[in-house]
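Visitor: Could you walk me through this structure and tell me how you know what you say about it?

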Amino acid sequence: MLPIRRNNFELNTSIALRDAYRLFLVFAGDAPMFDLPADDQQDPLRLMRDDLFVDEITHLLIGTAIANRIQLEHMDGQRPGSSDGAARISDAGCGELWPDVLEDKGSQKLSFREACNKIVHAIHIVPDCGNPAENPLTSDVKLRGHKGKEAWVAHLNIPQYVRASVMNFRGQR
């Protein structure tokens with residue numbers, strides 16, 4: 001018997017996982033850039049990093065968030081072995097969310113599903129490392145945006161987000 005699908009298509013799992021892997025590597029591989037010889041301020045590797053990392057992070061975050069949301073919807077109730085498998089992945093913690101920073105109502109856990117939503121709707125996506133020309137990337141990215149009249153801020157933890165992304169796509173196998 002063929003599995004029941006809500007959509008008439010499947011995402012290419014290998015492409016989605018490759019992009020999640022690349023996102024993880026951007027963050028994991030950034031610190032060694034700062035170990036390059038300091039006597040050459042015009043090192044081509046460092047200049048390339050400084051020119052491209054924000055665009056690369058933004059592109060990979062948006063692409064993986066869209067793919068993850070489609071996969072979560074596509075596999076809702078279809079995950080093998082458990083009727084609540086999709087819920088466990090959706091609820092996985094990926095950081096912290098301040099849903100209304102203007103009213104200072106405090107923070108809450110940023111779930112995987114909500115992280116995907118916040119990435120897609122973010123107005124600002126900023127690596128949380130101070131001045132990125134002087135400091136390597138940390139494992140966090142700040143996301144900022146609006147929902148109605150509320151201004152929200154989220155701190156997305158990249159390893160947690162990538163881990164949940166892998167679970168989202170590998171859970172179908």
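Guide: Let us start with one idea: two strands pair if DSSP finds at least two bridges between them. In S5, tryptophan 152 is the bridge partner of glycine 145. Please keep in mind that this is a predicted model.

Visitor: What makes S4 and S5 a pair?
Guide: The cut-off is at least two bridges. Strand S4 (residues 140–147) and S5 are joined by 8 bridges, so by the definition they pair. The two strands run antiparallel. They also form a hairpin, with 2 residues between them. Glycine 148 sits in that turn and has a positive phi of about 65°.

Visitor: Which residue stands opposite histidine 155 in S5?
Guide: That is glutamate 96. Strand S1 (residues 93–98) pairs with S5 over 4 bridges, in the antiparallel sense.

Visitor: Why is S5 called mostly covered?
Guide: A residue is buried when its relative accessible area is under 20%. In strand S5 (residues 150–157), 6 of the 8 residues are buried. For the whole protein chain of 173 residues, buried residues make up 36%.

Visitor: What is the order of the strands in the sheet?
Guide: The order is S2-S1-S5-S4-S3, in an open sheet of 5 strands with antiparallel pairing.

Visitor: What makes S2 and S3 edge strands?
Guide: Strand S2 (108–111) and strand S3 (124–127) each pair on one side only. Across this sheet, neighbouring strands are turned by 30° against each other on average, direction ignored.

Visitor: Which helices lie against the sheet?
Guide: H2 is one of them: H2 packs on the sheet and touches S3, S4 and S5. The direction of H2 makes about 120° with that of S3. H5 lies across S1, S4 and S5, and runs at about 80° to S5.

Visitor: How do you know whether proline 127 is buried or exposed?
Guide: We set its value against the cut-off. Buried means under 20% relative accessible area, and proline 127 has 12%, so proline 127 counts as buried. Proline 127 lies in strand S3, and its bridge partner in S4 is valine 141. S3 and S4 run antiparallel and are joined by 4 bridges.

Visitor: Which residues does proline 127 touch?
Guide: Leaving out residues up to four places away in sequence, proline 127 touches Phe53, Ile57, Leu137, Asp140 and Val141. The C-alpha atoms of proline 127 and valine 54 are separated by 7.9 Å, although these residues are 73 residues apart along the chain.

Visitor: Why is the pair of phenylalanine 112 and tyrosine 161 called tilted?
Guide: Two such rings pair if their centres lie within 6.5 Å. The ring centres of phenylalanine 112 and tyrosine 161 are 5.8 Å apart, and the planes stand at 45°. Planes under 30 degrees apart count as stacked, over 60 as edge-to-face and the rest as tilted, so this pair is tilted. By this rule the count comes to 1 aromatic pair.

Visitor: What makes this a link between distant parts of the chain?
Guide: Phenylalanine 112 is in helix H4 (residues 112–121) and tyrosine 161 is in helix H5 (residues 158–170), 49 residues apart. Phenylalanine 112 counts as buried because its relative accessibility is 0%. Tyrosine 161 counts as buried too, at 0% relative accessibility.

Visitor: How do H1 and H2 meet?
Guide: Helix H1 (residues 13–28) and helix H2 (residues 44–74) pack at an angle of about 145°, and their axes are 9 Å apart. The residues in this contact divide into 9 nonpolar, 1 polar and 3 charged. H1 passes H2 in a left-handed crossing.

Visitor: Why is aspartate 104 called exposed?
Guide: Exposed means over 50% relative accessible area. Aspartate 104 has 62%, so aspartate 104 is exposed. Aspartate 104 lies in the loop between S1 and S2.

Visitor: What is the phi of aspartate 104?
Guide: Phi of aspartate 104 is near 50°, a positive value in a residue other than glycine. Most residues other than glycine have a negative phi.

Notes. Residues are numbered from 1 along each chain as its sequence is written. This is a predicted model: local features need pLDDT of at least 70, side-chain atom pairs count only at pLDDT 80 or more; totals for chains, interfaces and linings use all residues. Side-chain values use heavy atoms; hydrogens and water are left out. Axes are lines fitted to C-alpha atoms, for helices over the stretch in contact, and angles run from 0 to 180 degrees between N-to-C directions. A crossing is left-handed if the near helix is turned anticlockwise from the far one by less than a right angle, and right-handed if clockwise. Ala, Val, Leu, Ile, Met, Phe, Trp, Tyr, Cys and Pro count as nonpolar, Asp, Glu, Lys and Arg as charged, and the others, Gly among them, as polar. Buried means under 20% relative accessible area, exposed over 50%, partly exposed in between (1.4 Å probe, protein chains only). Rings of Phe, Tyr and Trp (its six-membered ring) pair if their centres lie within 6.5 Å; planes under 30 degrees apart count as stacked, over 60 as edge-to-face and the rest as tilted. Contact means heavy atoms within 4.5 Å.
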